[in-house]
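Colleague: Please take me through one part of this model in detail. I would like to hear about the helix packing, and then about the side-chain contacts.

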Amino acid sequence: SLIFVQELAEKVVEVVQPLREKLDAVLIFPSMPDVMRLNKVGSFTMAQMGQSQSVIGEFMKKKRQENGASFEGSMLKLLRTLPKVLKFLPSDKAKDARSFMLSFQYWLGGSPENLESLLLMMANTYIYEDQQAIKVEEIAEPVLLPDVGVWHPLAPKVFEDSAEYNAWYDTEHAPSLGLNPKTAPTVGVILQKSHINTRDECHYTSLIQELEARGSRVICIYSGGLDFSQPVDEFFRQGAVVPDAVINLTGFALVGGPASQDHDKAVETLQRLNRPYICAVPLVFQSFEEWKASELGLHPIQVALQVSLPEIDGAIEPIIYGGRDALTGRTVPLPDRINLLADRALKWANLRMKKNKDKKLAISIFSFPPDKGNVGTAAYLDVFGSIHAVGKELRRQGYSVGDMPSTPEGLMDAVLNDKEARVGSPYLNVEYRMDMDEYAELTPYAKDLEENWGKPPGQLNSDGLNLLVYGKRFGNVFIGVQPSFGYEGDPMRLLFSKSASPHHGFAAYHSYLE
């Protein structure tokens with residue numbers, strides 16, 4: 001099931017193809033055509049899957065183009081209905097097609113009870129055949145969750161209406177947490193139905209609890225298909241409570257998942273919602289232990305599918321938050337990453353709720369080329385003219401910009417004090433002096449920098465006693481001069497040294513911003 005990576009598909013075909021004729025049955029659920037063609041359920045096969053003459057393939061392609069968002073839902077409804085119809089048809093092919101579709105229903109159900117019934121039904125029909133080792137009436141029918149819904153680990157049921165969910169949450173659940181639903185921020189969470197079906201939702205529950213512990217309401221939605229645009233519209237945008245920020249925990253593109261993406265449709269959906277959209281990353285192609293031990297980090301396939309493609313939708317902050325346990329195969333939360341993800345989501349949610357006059361912004365400028373050009377220069381670009389234009393627009397939108405000068409030249413003089421100033425110039429305006437006690441408190445990794453730069457404050461961005469933050473603050477807007485990396489004259493070290501690290505002045509600058 002869900003074999004959509006060519007490398008994995010080739011491995012599956014390589015192993016199963018030689019054994020296929022000897023096997024009593026082969027079940028392959030939505031995957032690449034080469035893998036789907038391995039299906040063998042009596043006389044029912046998908047031998048022409050993915051080929052131009054495949055009538056079913058052409059029909060499905062046409063319906064997908066015509067129906068857009070409703071295609072996935074239509075196919076799931078069809079899957080539920082067809083077995084009831086096919087059992088009245090006399091041919092073996094109809095019986096075998098019904099067995100395949102019924103097995104797919106069991107698979108989608110995902111629970112241990114559904115999987116037990118799937119194995120019993122297939123064994124009864126294709127291994128024991130006419131012996132009927134188990135009476136048909138003793139094999140339970142598939143028990144399925146709604147195709148789309150609102151889920152919560154402590155809710156009495158899956159809700160198919162957001163108003164009903166919000167009524168339960170606000171009147172029963174929120175009071176038990178001490179939350180005031182009228183003032184608490186709301187975070188929307190997008191989940192994969194398969195994890196709920198199989199009760200492998202520990203990583204979901206962990207994040208939900210962290211968000212609620214921080215004073216947030218949570219509304220979690222899922223879909224049985226790979227197109228989340230419809231439930232996002234229905235439960236978030238048109239729901240009784242529109243979330244202040246959204247986290248996608250599936251780790252995939254909003255429309256199409258890992259299979260075939262429709263970025264235009266995803267962008268339209270997210271633009272209508274108009275909320276910060278985070279796509280967090282569960283480790284899929286490697287276990288937690290493999291990822292932790294790897295110098296490469298995230299598997300390249302996962303970088304493409306779960307970082308690059310969601311970013312085309314408009315996703316931000318791809319934080320790894322859970323991974324597969326190598327021994328059990330279950331998905332486990334990574335506690336420090338869960339904390340980080342909850343913090344980031346709530347910061348975005350609270351920022352959205354803030355008035356512009358209370359928001360703080362930082363604009364960093366630097367020198368180009370590094371260590372040679374003047375501060376605030378860039379090839380053929382008017383840096384201070386651009387910042388000044390942005391400042392005027394910020395003032396118009398209600399941001400606090402204090403006494404920002406009325407001309408670009410005045411702005412340059414306020415920040416640099418010298419139009420020819422370079423990084424480290426003694427004429428740059430010092431906005432803040434950070435003493436060593438504050439630096440140690442605000443920068444937990446400061447000790448690690450001593451291997452390359454010695455004890456702070458060092459020689460860069462320093463007056464010998466304090467670390468200097470260059471720039472100028474205007475109201476709630478800070479225009480800062482980002483320090484150099486410290487070894488611009490050694491590009492090989494800059495690019496390839498594993499031990500290279502920012503110097504204390506660079507760290508202090510970003511600690512000050514934070």
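Modeller: Start with helix α10 (residues 229–237) and helix α11 (residues 263–273): in this predicted model, their axes come within 10 Å and cross at roughly 5°. An angle under 35 degrees counts as roughly parallel, so α10 and α11 are roughly parallel to each other. On the α10 side, the contact uses Ser229, Val232, Asp233, Phe236 and Arg237. They meet Lys265, Thr269, Arg272 and Leu273 of α11. By class, this contact has 3 nonpolar, 2 polar and 4 charged residues.

α11 also packs on helix α13 (residues 300–313). Here the axes are 8 Å apart, at an angle of about 60°. That angle makes α11 oblique to α13. From α11 come His263, Ala266, Val267 and Leu270. From α13 come Leu309, Ile312 and Asp313. The contact of α11 with α13 divides into 5 nonpolar residues, 1 polar and 1 charged.

Now a strand residue. Thr186 is found in strand β2 (residues 186–192). Its relative accessibility is 3%, and under 20% counts as buried, so Thr186 is buried. The Thr186 side chain makes a polar contact with the side chain of Arg217, at 3.1 Å. Leaving out residues up to four places away in sequence, Thr186 touches Ser216, Arg217, Ile219, Val241, Pro243, Asp244 and Ala245.

Next, the charged pairs. The count comes to 19 salt bridges. One of them joins the side chains of Arg214 and Glu210, at 2.3 Å from N to O. Arg214 is partly exposed, at 32% relative accessibility. Glu210 is partly exposed too, at 23%.

Another salt bridge pairs the side chains of Glu514 and Lys347, at 3.9 Å from N to O. This pair links distant parts of the chain, 167 residues apart. Glu514 sits in the segment after α20 (504–513), and Lys347 in helix α14 (residues 335–353). Glu514 counts as exposed, because its relative accessibility is 72%. Lys347, at 48%, counts as partly exposed.

Glu450 forms a salt bridge with Lys455. Their closest N and O atoms are 3.6 Å apart. Glu450 is partly exposed, with a relative accessible area of 22%. For Lys455 the value is 58%, so Lys455 is exposed. Finally, salt bridges that share partners join Glu210, Arg214 and Asp343 into one network.

Note on methods: Residues are numbered from 1 along each chain as its sequence is written. This is a predicted model: local features need pLDDT of at least 70, side-chain atom pairs count only at pLDDT 80 or more; totals for chains, interfaces and linings use all residues. Side-chain values use heavy atoms; hydrogens and water are left out. Axes are lines fitted to C-alpha atoms, for helices over the stretch in contact, and angles run from 0 to 180 degrees between N-to-C directions. Helices (H or I, at least four residues) and strands (E, at least two) are DSSP runs, numbered from the N terminus. Angles under 35 degrees count as roughly parallel, over 145 as roughly antiparallel, 65 to 115 as roughly perpendicular and the rest as oblique. Contact means heavy atoms within 4.5 Å. Ala, Val, Leu, Ile, Met, Phe, Trp, Tyr, Cys and Pro count as nonpolar, Asp, Glu, Lys and Arg as charged, and the others, Gly among them, as polar. Buried means under 20% relative accessible area, exposed over 50%, partly exposed in between (1.4 Å probe, protein chains only). A polar contact is a pair of N or O atoms within 3.5 Å; within protein, one must be able to donate a hydrogen and the other to accept it, and residues adjacent in sequence count only if both atoms are side-chain atoms. A salt bridge is a side-chain nitrogen of Lys or Arg within 4 Å of a carboxyl oxygen of Asp or Glu.
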